[in-house]
Amino acid sequence: MTEPNPLATWPTGRLLSVAARLTERSWEQVLAGMGLTHAGLIALHVLTEGPLTQRGLARRCRVTDQTISRTVDRLVTAGHAERTVDEVDRRKVLVSITPAGAAVHARATRAEREDPVLLGAVEDYEGLRRQLVQLIAAIGLDED
């Protein structure tokens, strides 16, 4: 007779917390191999929608201006993003994704779905995503 899996007795909150920590640790290793951080990937994801001021990017990423400044500095140094003066309002500086940034973003997005180190054990990836979105929305975190 097979012993029951003790994880099955854990409260859901503990399961989510441990899964999040383990996934984040694996994800950080995969991203490091691409020259990215988790914060950098989030910024690139937001920038795929178009250029933003650094403050606008910080707000969309839900981080402080100081945090996004360091993140953008790293992305610019790596060639994944660039800063340019806004042609309409020359007082503003816009941050935009570069072709290299778009390529690494696409590579990271594919890895998220396909790399067995990350979520390879999940049988229904899209179902998991739908449930996580539903959970987060129900708890009250809305996207801008």
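**Notes on a helix, its strands and its salt bridges**

1. D89 is buried, with a relative accessible area of 18%, where buried means under 20% relative accessible area, exposed over 50%, and partly exposed in between (1.4 Å probe, protein chains only). The side chain of D89 forms a salt bridge with R91, the closest N and O atoms being 3.0 Å apart, and R91 for its part counts as exposed, at 75% relative accessibility. A salt bridge is taken here as a side-chain nitrogen of Lys or Arg within 4 Å of a carboxyl oxygen of Asp or Glu.

2. On the basis of these remarks: this is a predicted model, in which local features need pLDDT of at least 70 and side-chain atom pairs count only at pLDDT 80 or more, whereas totals for chains, interfaces and linings use all residues. Residues are numbered from 1 along each chain as its sequence is written, and side-chain values use heavy atoms, with hydrogens and water left out.

3. Helix α4 covers residues 65-78, which makes 14 residues, and it reaches 20 Å from its first C-alpha to its last, close to the 20 Å expected at 1.5 Å a residue; the expected span is 1.5 Å times one less than the number of residues. Helices (H or I, at least four residues) and strands (E, at least two) are DSSP runs, numbered from the N terminus. After α4 comes G79, whose phi is positive, near 85°.

4. Which residues of α4 are buried? They are I68, T71, V72 and L75, and, seen down the axis of α4, the buried residues fall within an arc of 100°, so they line one face of the helix; the arc is that of the directions from the helix axis to the C-beta atoms. An α-helix has 3.6 residues a turn, so residues three or four places apart point the same way. The face of α4 turned away from its buried side carries the exposed residues Q66 and T77.

5. The cover over the buried residues of α4 includes α2 (38-47), α3 (54-61), β2 (81-85) and β3 (93-97).

6. A search of the whole structure finds 4 salt bridges. D65 is partly exposed, at 31% relative accessible area, while R55 is exposed, at 54%. D73 counts as partly exposed at 37% relative accessibility, and R83 as partly exposed at 33%.

7. Strand β3 pairs in the antiparallel sense with strand β1 (residues 52-53) over 2 bridges, and with β2, also in the antiparallel sense, over 5 bridges; two strands pair if DSSP finds at least two bridges between them. The bridge partner of L52 in β3 is V95, and that of A81 is I97.

8. S96 lies in strand β3 and counts as buried, at 11% relative accessibility. Leaving aside its neighbours within four places in sequence, S96 is in contact (heavy atoms within 4.5 Å) with L47, P51, H80, A81 and E82.
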